[in-house]
Amino acid sequence: REHGFTVIRTSASPYWPVDAREWAKGDAYWQRADACLAAAREQGIRLILTVYWHWHCFPDVAGETLQDLMTDRDSRSWQMLMLYTSQLVGRYKDDPTVFMWEISNELNLGADLEFMHPYGWIRPDGQPLAHGAPLAYVARDNYRSEHLHQAALDLARLIRRLDPNHLIGSGYSIP
């Protein structure tokens with residue numbers, strides 16, 4: 001605030017599977033989130049909350065692929081995303097600290113690339129393994145623009161149903 005920032009964009013979701021496991025434990029996760037919003041409020045800062053920053057998180061927890069999340073509304077990963085989003089938006093929809101909701105973090109940049117064709121890719125840094133991510137992603141982790149479009153629409157509809165007052169942005173980057 002002392003440097004003139006009045007709005008900050010930030011992730012509002014678990015990043016790694018270990019973070020999602022903390023969310024699954026309940027109260028302590030939300031108490032930390034409450035403290036973050038309270039700190040911003042005290043400084044007069046409003047937040048653009050990105051609902052789902054790292055799109056592999058829930059598929060990784062569920063043992064599914066990113067395509068499962070985007071195309072199968074009965075998948076465990078989609079159901080986790082819907083539950084998380086319902087809890088997040090339901091909890092903070094009336095909080096004056098929330099400036100707007102953002103669906104994703106530049107998720108459009110991975111659409112239609114087929115970068116894992118035909119066999120997938122291995123994460124060479126090893127770090128994600130310690131956080132619960134898989135060693136490799138597979139071709140079914142690729143997604144198409146139409147998958148992304150429908151998933152974003154469905155998520156936006158849920159957010160709007162829960163919170164009719166705040167703006168909703170895609171979070172997409174310039175392709």
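This is a predicted model: local features need pLDDT of at least 70, side-chain atom pairs count only at pLDDT 80 or more; totals for chains, interfaces and linings use all residues.
Residues count from 1 along each chain as its sequence is written. Local features need pLDDT of at least 70 and side-chain atom pairs 80 or more, while totals for chains, interfaces and linings use all residues, and side-chain values use heavy atoms, without hydrogens or water.

User: Why is Tyr29 called buried?

Analyst: Buried means under 20% relative accessible area (exposed is over 50%, partly exposed in between; 1.4 Å probe, protein chains only). Tyr29 comes in at 13%, so it counts as buried. Tyr84 has 1%, so that one is buried too.

User: What makes Tyr29 and Tyr84 an edge-to-face pair?

Analyst: Rings of Phe, Tyr and Trp (its six-membered ring) pair if their centres lie within 6.5 Å; planes under 30 degrees apart are stacked, over 60 edge-to-face, the rest tilted. Here the centres are 6.1 Å apart and the planes sit at 75 degrees, so edge-to-face it is.

User: And why is Trp30 with Tyr84 called stacked?

Analyst: Their centres are 5.6 Å apart, with 20 degrees between the planes. Trp30 is in helix H2 and Tyr84 in helix H5, 54 residues apart. Helices here are DSSP runs (H or I, at least four residues), numbered from the N terminus.

User: How do you know that the charge of Arg73 sits over the ring of Trp78?

Analyst: The rule wants NZ of Lys or CZ of Arg within 6 Å of the ring centre and within 35 degrees of the ring normal. The charged end of Arg73 is 3.8 Å from the centre of the Trp78 ring, and it's listed as sitting over that ring.

Methods. Helices (H or I, at least four residues) and strands (E, at least two) are DSSP runs, numbered from the N terminus.
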